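Here are my notes for you to read beside the structure.

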Amino acid sequence: MRVTRRGFIQAVGATAGAAALVRGRLTRAEVGVQDFERWATPEETAVPSICQQCPGGCGLIARTLDGQLAGLSGNPFHPVNRGALCPKAYGALQLLYDPDRLKGPMVRAGDRGRFRSIGWDEALRLVTERLAELRGKGLAHTVAVLGGQYRGYRDTLWRRFAEAYGTPNYVRARCLAPEHPALAHRLMQGVASPLGYDLAEARCILSFGVGLLEAWLGPVHAALAIAGLGGTRERPRTHLIHIDPHRSNTGVKADRWVPIVPGTDGILALGIANALIREGLYDREFVEQHTFGFDDWTDPRGQRHEGFRDLVLSEYGLLTVSTATGVPVKTILEIARDLATLKPAVVIGERGPAYGPDDLHTRMAIHSLNALVGSLGVRGGVLLQGELPLSPFPPVHLDEAAKRGLGHPRIDGAGRGQYFLVSDAPQALPERILGGKPYPVNALFLFGTNLLASHPAKEAFAQAFEQIPFIVSFSPFLDESSSRADLILPDHAYLERWQDDQVTHLAGFTCFSLARPAAAPLHQTRDAADLVLQLAKSLGGGVARSLPWETFEKVLHAGARGLYDAGRGHVVSTAPEESLRKVLERQGYWAPEFESYDEFWNALGERGAWWDPTGLPVSRKALLRTASGKFEFYSTALRQRVEEAEKREGARAALVGALGGRDRGDQLYLPVVPVPARAEAGAFPLRLNTYRLVTRPIGGGGNQPWLLEQPAVHVHAAWERWAEVHPHTATKLGIKDGDWIWVESPKGRIRLRAKLFAGTLPEVINIPLFGGGGPNQNDLIGNEPDAFRGFGLLNTTRVKVYRA
């Protein structure tokens, strides 16, 4: 007999009803049947959302049952990921339902680290009173806001709040800022918008340590591009070359993995340039017509300057480069020939962490290869991205208190001294806070960052926090940093709040993503963006006028109007509709899909994104906005910055020292990296290299067990923490696979499980980045000066290894 679900429910109801009738409880039985039927047939909805586990910005579809979030999948319409997801995305469910989430605001009770619950009204009153008091005393500049890895309108709100309040100290602590053009690109091309690497159309991709499939600008987007690189009848197969000390997922998928001594990427790039020039393989037409500083030249004062060509040929011979980098001469020649013959080719050197002390010149040297092979402004090369046509907000209203506060220098020293070229220098904060220079910090706001776990200077940050009298954290968890706060105003989980994401850094399109709350708040938490608006309203005056919106939803509604008014782009839709639009646009047609902005806004919320795959300026003229109108091997923009620094600080400007000193002459402005002298191994003979697993989100994911149990298949590890040792090195040290070992640096030591792994050089120890709790790679890494990123150097530490 066939039993249907309806028949089963009716049978259960009839049985329960008969039993209840006997007991005289028919009403209660009916309620029970209704509850059972509701459980068996819940109301199901799908809500577009945005993954916030990494900078990728993938589109999600959140599946809810009776209003409760029950599952996640990829948004098939979203141009970033087209329905695909990496493992990190699914950890969002465990973030949402984490039992350790804070249930409401908390206030310090006695010593730091002890808290009691507090109501929202009282909590906001405490913050408003402290901010108003400091501003009234002319101390607005002593308030600092420390933010992490996020972008979009949340960044806009915090920036406007800090400016209107009167503090110059809105400091971002992050390694990657894809929404801004890279410093090397600005100095060599003069661009003011991000450049996009057109992976999908390239025939040769050369990656210098960029984790395309792990943690770059968008690992899912990159994975989809690389998955389509196999050859067809119409299109030859693409060749992927990955240069990295560690054989990562990207290295495994690459056609060629090239191990390299950490920190010598720029030297290898110059060796490849030497081979291109010496063998006549570079794009002569592009170099002659569109570059400056390639050949020797004479300035208007009659002073002669050495060109890039002669310097590379004389200083970066292949034997010299091979000795410094560990890459065989034969491999260097083959890479150069691949770049020259497999066109279009693209060279990627814009990873998150710094390459080393010579990070700027390293990135310039890598990017110079794109000029040598003529890959600027061509499909399959480097493209200039368009801007999102969002509605501009009115200027920030600056009252006298704000003007006085903004007149003070930044607490982190960004834009001055050795940090002259960076917009944020979080690594300088501990020393400056502890020293009270240039002034003490009286209040600190923490949003989206946990530097007491994630920064090499975490111990110094802990000491500095003790000197700040008032710290407010917006963390939804009691983490290492929020536990030192005086007040915690827990933010929603990102699936509980309005979100946006602005993508202008992926080649071929621009995209604005919008997400409504996928689930009602589980606890007495609030959206931190709404709290910023509420604080601005409470402070009144120019601060309130600069942030006039009642909620973050209204901020998004106001900004997105520009997309509707732009007369270009579309709300994402099905593949057939997208294909039809492409055909019409090629013929010069564009028609509005919606009759009103309200219709547009509703569709944007229902589908999850707006994008514009057309109208991108890809001409070389648009790409080359330097003073010379050309790609500059000799960067006149960098020379101008150095002259400004010397004018402000004198002949011994710290920036000049960071660049290598005046003794370098013209090499200060050319993409060249000094070849280091061979150093003795000493007490710490091995190099530490850190890397990120594809399963580790921002913050490490220590509170997401699903991700912790995902195996690192290359070493057969999960859950535990480990260090990867080359088998030859392990044999010399008497270490076997699975042994407990100590990894020690001049700073400290940590105990880890040894995993023997041949995918590295014998002199390199690899440790994946782990989150808070347990042994931490930052217990080994010193806070070495990072003049060109401002965060800290992560892969320059020397270590030794021995059995525990």
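**Notes on salt bridges, a domain contact and some backbone details**

1. **Salt bridges overall.** Searching the whole structure turns up 34 salt bridges. Please keep in mind as you read that this is a predicted model.

2. Have a look at Asp486 and Arg108, which form a salt bridge with their closest N and O atoms 2.7 Å apart. Asp486 sits in the loop between β18 (471-473) and β19 (487-488), while Arg108 belongs to strand β4 (residues 106-108), so this pair ties together parts that are 378 residues apart in sequence. Is Asp486 buried or exposed? Asp486 is buried because its relative accessible area, 9%, falls under the 20% cut-off. Arg108, in turn, is partly exposed, with a relative accessible area of 32%.

3. **A pair with more open side chains to inspect.** Glu133 and Lys137 also meet through their side chains in a salt bridge, at 3.1 Å from N to O. Here Glu133 is partly exposed, with 39% relative accessible area. Lys137 counts as exposed, at 55% relative accessibility.

4. **How the chain is divided.** The protein chain has three parts in the assignment: domain 1 (1-176 + 396-558), domain 2 (195-384) and domain 3 (686-803). Between the C-alpha centres of domain 1 and domain 3 there are 30 Å. Their contact draws on 35 residues from domain 1 and 29 residues from domain 3.

5. **The area between domain 1 and domain 3.** How much area do domain 1 and domain 3 bury between them? The value is about 2600 Å², with 56% of it on carbon and sulfur atoms. On the domain 1 side, Gln94, Gln427 and Pro456 lose the most area to domain 3, and together they make up 26% of what that side buries.

6. **Polar links across that interface.** Between domain 1 and domain 3 the count is 16 residue pairs in polar contact. On the domain 1 side, α3 (87-90), α4 (92-96), α18 (451-454) and α19 (458-466) each supply at least two of the residues that touch domain 3. Of these, α4 gives the largest share, four residues. Sorted by class, this side has 19 nonpolar, nine polar and seven charged residues.

7. **Salt bridges across that interface.** Two salt bridges are found across the interface of domain 1 and domain 3. Lys458 and Asp779 pair through their side chains, at 2.7 Å from N to O. Asp779 is in the loop between β29 (764-768) and β30 (798-803) and Lys458 is in helix α19, so the pair ties together parts that are 321 residues apart in sequence. Lys458 counts as buried, with 14% relative accessibility. The pair also belongs to a network of salt bridges that links Lys458, Glu459, Lys747 and Asp779.

8. **Arg696 and its surroundings.** You will find Arg696 in the loop between β25 (686-691) and α28 (705-708). Arg696 is buried, with a relative accessible area of 3%. Which residues does Arg696 contact, leaving aside its neighbours within four places in sequence? They are Lys88, Leu707, Leu708 and Leu769. The C-alpha atoms of Arg696 and Leu707 are separated by 6.9 Å, although the two residues are eleven residues apart along the chain. A polar atom of the Arg696 side chain lies 3.2 Å from the backbone oxygen of Leu707. The side chains of Arg696 and Thr695 are joined by a polar contact of 3.1 Å.

9. **Cis peptide bonds.** Lys343 and Pro344 are joined by a cis peptide bond, with omega about -5 degrees. Pro344 is in the loop between α14 (329-341) and β15 (345-348). The peptide bond from Lys437 to Pro438 is cis too, with omega near 0 degrees. Pro438 lies in the loop between α17 (429-435) and β17 (443-447).

10. **Positive phi values.** Arg82 is not a glycine, yet its phi is positive, at about 50 degrees. Arg82 is in the loop between β3 (68-74) and α3, and counts as partly exposed at 37% relative accessibility. Trp719 likewise has a positive phi, near 70 degrees, and is found in the loop between α28 and β26 (722-725).

Notes: Residues numbered from 1 in each chain as written. Predicted model: local features only at pLDDT ≥ 70, side-chain atom pairs only at ≥ 80, totals over all residues. Heavy atoms only, no water. Domains from an automatic or database assignment. Contact = heavy atoms within 4.5 Å. Buried area = accessible area lost by both parts, 1.4 Å probe. Salt bridge = Lys/Arg side-chain N within 4 Å of Asp/Glu carboxyl O. Polar contact = N/O pair within 3.5 Å; in protein donor to acceptor, adjacent residues only side chain to side chain. Nonpolar A, V, L, I, M, F, W, Y, C, P; charged D, E, K, R; others polar. Buried < 20%, exposed > 50% of the residue type's maximum accessible area, 1.4 Å probe, protein only.
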